[in-house]
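Take a look at the structure below. Then read on, and find each residue as it is named.

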Amino acid sequence: MRTVSLLFHDVFAADPRESGFGSPAADRYKLSLDQFEAQLAGLAQVRPDVPRLITAMTGGPQVAGGPKASGYWNVPYLITVDDGGVSYYTLVADRLESRGWRGHCFISTDAIGTRGFLNASQIRELDRRGHVIGTHTASHPARFSTCEPAHMREEWARSRMVLEDLLGHKVEIASVPGGYYSRLVARSARDTGLGVVFTSEPITASHDVAGTLVLGRFTLRHGHPTDRAGRLAHRERWTRYQEWARWRAKGLVKPLLGPLYSPTADWLMSRVGPSHACR
Ligand SMILES: [Zn+2]
């Protein structure tokens, strides 16, 4: 399966601190409402189809990639939003729904109900309105791929339990905090019953890792051109390729390349030293 999965974070009306994690690093990923709306408009311009939901795709027949006679590039595109900031409820959901769209809302469950984050009733309502609720771990560890496997499993299991208790149905979709992905991350997700894991690696190909479907994502952040989402979802692959090349140049390529993947990536991540490991 191929997808263009887009990764957003919080959206703000006046101040980045309205929603989500409050740090200069987190703020760099937050879009103003104008920027967010422009990205959605850009998507609508190049795509006659609506963004898809992974829950609807994994149960049914596989979607074929490649150009179609209908004239548009039919690799499905998905909208995902990380962290569980309150802006998914106050700003994002309405903008998506006004276009007939729905998205994926990934929640770090320890933050539920705290300042700037979604509360339980908002999460239930988003679920009822057709948005996919997934886990983004419980505590959002700083460098998740450096955590011990037992710790990874505890983060997934605890957050999943919180969301399932809250929603009254299974939650099997996850996204990796900070993009700190490794095969161990996928295995730990699989071990706790998660069937789909979104990473932050800018690729359209998906992979099966020990029975868990792993999908890359393309990040949109503050300062990006407002037509970036449309370019990423366009049949022309140049913008997607540029993003991939940038990742390679930074040495961030780690997860999905099979034999090309080596402990180097984990070593790179662990160079920051024990005080920054995991948390
Ligand atoms: Zn995050």
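The paragraphs below go through a metal site, a pair of helices and some salt bridges.

Keep one point in mind from the start: this is a predicted model.

Start with the metal. Which residues coordinate the zinc ion? Asp83 does it through OD, while His136 and His140 each use NE2. The distance is 2.1 Å. Along the chain, these donors follow the spacing D-x52-H-x3-H. Now place two of them. Aspartate 83 sits in the loop between strand S4 (77–81) and H4. Histidine 140 sits in the loop between strand S6 (132–135) and helix H6 (149–167). The two are 57 residues apart in sequence, so this pair ties together separate parts of the chain.

Histidine 140 reaches 22% relative accessibility, so it counts as partly exposed. The cut-off for buried is under 20%.

Next, move along to helix H4, which covers residues 87–97. Its partner here is helix H5, residues 120–128. The two axes come within 10 Å and cross at roughly 25 degrees. How does that make H4 run relative to H5, roughly parallel or roughly antiparallel? Roughly parallel, because of that crossing. Angles under 35 degrees count that way.

Now look at the side that H4 turns to H5. From H4 come Tyr88, Tyr89 and Ala93. They meet Gln122, Glu125 and Leu126 in H5. By class, this contact has four nonpolar residues, one polar residue and one charged residue.

H4 also has buried residues. They are Ser87, Tyr88, Leu91, Val92, Ala93 and Leu96. What covers them? The cover includes S2, helix H2 (33–46), S4, strand S5 (104–107) and H5.

Charged side chains come next. Side chains of opposite charge can pair when their charged atoms come close. How many salt bridges does the structure hold? The count is 17.

Take arginine 17 and aspartate 27. Their side chains meet in a salt bridge, 2.7 Å from N to O. Arginine 17 lies in the loop between strand S2 (11–12) and helix H1 (24–27), and aspartate 27 lies in helix H1. The pair links distant parts of the chain, 10 residues apart. Arginine 17 is partly exposed, at 39% relative accessible area. Aspartate 27 is buried, at 15%.

Now go to helix H6. There, arginine 160 forms a salt bridge with glutamate 164. The closest N and O atoms are 3.0 Å apart. The two residues are four apart in the helix, so about one helical turn separates them. Arginine 160 counts as buried, at 11% relative accessibility. Glutamate 164 is partly exposed, at 22%.

A further bridge joins arginine 231 and aspartate 227. Here the closest N and O atoms are 2.8 Å apart. Arginine 231 is partly exposed, with 45% relative accessible area. Aspartate 227 also counts as partly exposed, at 34%.

Finish with a group. Which residues are linked in a network of salt bridges? They are Asp94, Glu97, Glu125 and Arg129.

Conventions
Residues numbered from 1 in each chain as written. Predicted model: local features only at pLDDT ≥ 70, side-chain atom pairs only at ≥ 80, totals over all residues. Heavy atoms only, no water. Axes fitted to C-alpha atoms, helices over the stretch in contact; angles between N-to-C directions. Parallel < 35°, antiparallel > 145°, perpendicular 65-115°, else oblique. Contact = heavy atoms within 4.5 Å. Nonpolar A, V, L, I, M, F, W, Y, C, P; charged D, E, K, R; others polar. Donors = N, O, S within 2.8 Å, 3.2 Å for Na, K, Ca; no water. Buried < 20%, exposed > 50% of the residue type's maximum accessible area, 1.4 Å probe, protein only. Salt bridge = Lys/Arg side-chain N within 4 Å of Asp/Glu carboxyl O.
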